[in-house]
Amino acid sequence: MIREAEAERFSIEAWQPRTKIGIDVKGGKIVSIEQIFASGKPIKEVEIVDALLPNLENKMLEVASVQRMTKNNRRQKYRATVVVGDRHGHVGIGTSKDVEVRPAIDAAIRDAKLKIISVPLGCGSWECNCGTNHSLPLRVTGKCGTSEVVLKPAPRGVGIVANAVVKAVVELAGVSDVWSFSRGRTRDIYNTAIAAYEALRSITELKNIESLNAGSAGSAIAEEQAQKQ
């Protein structure tokens, strides 16, 4: 179930930035998160994401009990895994541990915001070629541990053909139609979610990303590069 982004509304006036990027965001020099991605600098303040992407939604994927054996006794904590996204090409996954559930979830949301990425959308299906951003521009693969997720462009109207974890990730990223294939230990929610996240992130690492939606020729070249990586 998708929870509200924040119990308290973020106020940019009350925010006191601690980094150069934060100061530029509050001062109006940076007005888009894409400018930060283009600079290659890391985001170290959650408030930067709150200011530039105010419509983020978050969904809790898992709260698992984890234990660690110490010299004195066995210590138990809760690990929360959360995905955040604005349904318009931005998504992030975060995880955190705490002795209580609520602090673990809140910390996971902050971690997900700091790991947010931009996902180029498009229409890479040969059955559609409508030119709109309803799917992915090419086939991508992501791995984490023993889990592997393959995402393929689908024609308009197909919907998200994926398991619940992969669907939550691509849905909040803004993908409306996609085919997916998962293999490995897919019962591991964390690894499956990260594999889907890595698949989406691999699109941004292509050299000719600008030509992804320029036509079938550009998509073919981009897919060839993705398969070589």
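Entry 1, strands 3 and 4. I looked up Gly-85 and found that its bridge partner is Val-91, in strand 4. The model is a predicted one, and I read every entry here with that in mind. Strand 4 covers residues 90-98 and pairs with strand 3 in the antiparallel sense, over eight bridges. I then checked the connection: the two strands form a hairpin with four residues between them. In that turn I noted Arg-87, whose phi is positive at about 65 degrees.

Entry 2, strands 2 and 3. I listed strand 2 as residues 57-69 and strand 3 as residues 74-85. They pair in the antiparallel sense over twelve bridges, and a hairpin of four residues joins them. For a position within this pairing I took Ser-65, which stands opposite Tyr-78 in strand 3.

I counted nine salt bridges in the structure. I went back to Arg-87 and found its side chain in a salt bridge with Glu-57, at 3.0 Å from N to O. Arg-87 sits in the loop between strand 3 and strand 4 while Glu-57 is in strand 2, so this pair ties together parts 30 residues apart in sequence. I have Arg-87 as partly exposed at 30% relative accessibility, and Glu-57 as partly exposed at 26%.

Next I looked at Arg-79, which forms a salt bridge with Glu-62, the closest N and O atoms being 3.4 Å apart. This pair links distant parts of the chain, with Arg-79 in strand 3 and Glu-62 in strand 2, 17 residues apart. Buried or exposed, I asked of Glu-62? Glu-62 is buried, because its relative accessible area is 18% and the cut-off for buried is under 20%.

I recorded Lys-20 as exposed at 54% relative accessible area, whereas Asp-24 counts as buried at 12%.

I found a positive patch formed by Arg-68, Arg-75, Lys-77 and Lys-97. Lys-77 belongs to strand 3 and is partly exposed, with a relative accessible area of 31%.

Met-60 is in strand 2 and is partly exposed at 33% relative accessible area.

Definitions and conventions
Residues numbered from 1 in each chain as written. Predicted model: local features only at pLDDT ≥ 70, side-chain atom pairs only at ≥ 80, totals over all residues. Heavy atoms only, no water. Buried < 20%, exposed > 50% of the residue type's maximum accessible area, 1.4 Å probe, protein only. Patch = residues over 30% accessible without salt bridge, like charges linked within 9 Å, V, L, I, M, F, W, Y side chains within 5 Å. Areas by Shrake-Rupley, 256 points an atom, 1.4 Å probe, with all protein chains shown as cover. Salt bridge = Lys/Arg side-chain N within 4 Å of Asp/Glu carboxyl O. Lys, Arg positive; Asp, Glu negative; His and termini not counted. Charge placed at Lys NZ, Arg CZ, Asp CG, Glu CD. Pairing = 2+ DSSP bridges.
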